[in-house]
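Subject: the structure I promised you

Hi,

Have a look at it first, then read my notes below.

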Amino acid sequence: MDKAANVLGTHIQKILVTSNTREVKTDSVSAAINAQLEKGTRAFIVVANMMTTMFGSVDIPDYYIQALEEKNLTYFIHVDGAYGGFYYPFSETGHAMNFRNPKISSVTLDAHKMAQAPYGTGIFIVRKNLIQYANTKEASYVEGEYFTLIGSRSGANAVAVWMILFKYGPFGYMEKIFVLQKRTSWMCNQLDKLKIPYFRNRAANIITLKQEGVSAHIAHKYGLVPDNHQHPAWYKIVVMDYVTVDKQNILVQDLKEHQKE
Ligand SMILES: *Cc1c(COP(=O)(O)O)cnc(C)c1O
């Protein structure tokens, strides 16, 4: 988002979340709006997250919508489903992060995360009345019209995504997410028994452990990803197809051994 703001020449303003529950601090939303109004900003593009990369936490778009509408401001809500777009819609049905919500303008989702497609398979979906703003008619040597910033790109990537989705089918994909949900819950139960503190969104396959519950040795041995490579405060486990309960159990046993030392 910092990069996008840089390219577009717009201001960027971040909001705060609570450390343990990863929930948006609503007072920081109004503070963010006010800070931008003071800079002369007249319209807002809000990026709401459908599963953050480190925590799997999910925004509640209403917090932004209410704050912006109270002030009668022009805004667009974009959903960043880079990570969650191929997960969350299958694990949580009653959410307001899709086009059923009339306030959502656009959504991105990456097939190169949970759908395990080759890199460079991000997907952008926008409402019909907005796609015209992304159109460039000037590239007249191209047959049809042009809607991307990066220009020409590999069609093989699109074929790869199509193949993956076609192979699963909607029910196959539903079963995949069902299994990952079960495995993630299994791991959380083990952590509860060991009294190791962690954060998990109940509809996510990411478990983010507080640093104090994990030795640096174990984190390194299992390749747990830190939030910050210099001073880790959290380490995450991402439960993918290959992260079976058997494999998770090896880590659980190691954590248990470490507690005895
Ligand atoms: C991976 C990720 C991005 C970056 O997307 P790329 O298409 O891989 O560059 C943005 N937001 C979230 C939440 C992500 O997980």
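This is a predicted model: local features need pLDDT of at least 70, side-chain atom pairs count only at pLDDT 80 or more; totals for chains, interfaces and linings use all residues.

Let's start with the ligand. Which residues sit around it? The shell is made of N49, M51, T53, D80, A82, Y83, D110, H112 and K113. Sorted by class, that gives three nonpolar, three polar and three charged residues.

D80 has a side-chain N or O atom 2.7 Å from a nitrogen atom of the ligand. D110 points to an oxygen instead: one of its polar side-chain atoms is 2.7 Å from an oxygen atom of the ligand. Then there is K113, where an N or O atom of the side chain lies 2.7 Å from a ligand oxygen. As for how covered the ligand is, it would expose 380 Å² if taken alone, and the protein buries 61% of that.

Now zoom out to the whole chain.

How many residues meet where the domains touch? On the domain 1 side 23 residues are in contact with 26 residues of domain 2. Together the two domains bury about 1,900 Å² between them, and carbon and sulfur atoms give 60% of that area. Within domain 1, the residues that lose the most area to domain 2 are M54, F55 and Y87, which together make up 34% of what that side buries.

Eleven residue pairs are in polar contact between the domains, and the interface has one salt bridge. If you want to see a salt bridge on screen, pick R202 and E92: their side chains meet at 3.0 Å, N to O.

Happy browsing, and send me any questions!

Notes
Residues are numbered from 1 along each chain as its sequence is written. Side-chain values use heavy atoms; hydrogens and water are left out. A residue is near a molecule or strand if one of its heavy atoms lies within 4 Å of it. A polar contact is a pair of N or O atoms within 3.5 Å; within protein, one must be able to donate a hydrogen and the other to accept it, and residues adjacent in sequence count only if both atoms are side-chain atoms. Accessible areas come from the Shrake-Rupley method with a 1.4 Å probe; for residues, only the protein chains shown count as cover. Ala, Val, Leu, Ile, Met, Phe, Trp, Tyr, Cys and Pro count as nonpolar, Asp, Glu, Lys and Arg as charged, and the others, Gly among them, as polar. Contact means heavy atoms within 4.5 Å. Buried area is the accessible area (1.4 Å probe) that two parts lose on being put together, summed over both. A salt bridge is a side-chain nitrogen of Lys or Arg within 4 Å of a carboxyl oxygen of Asp or Glu.
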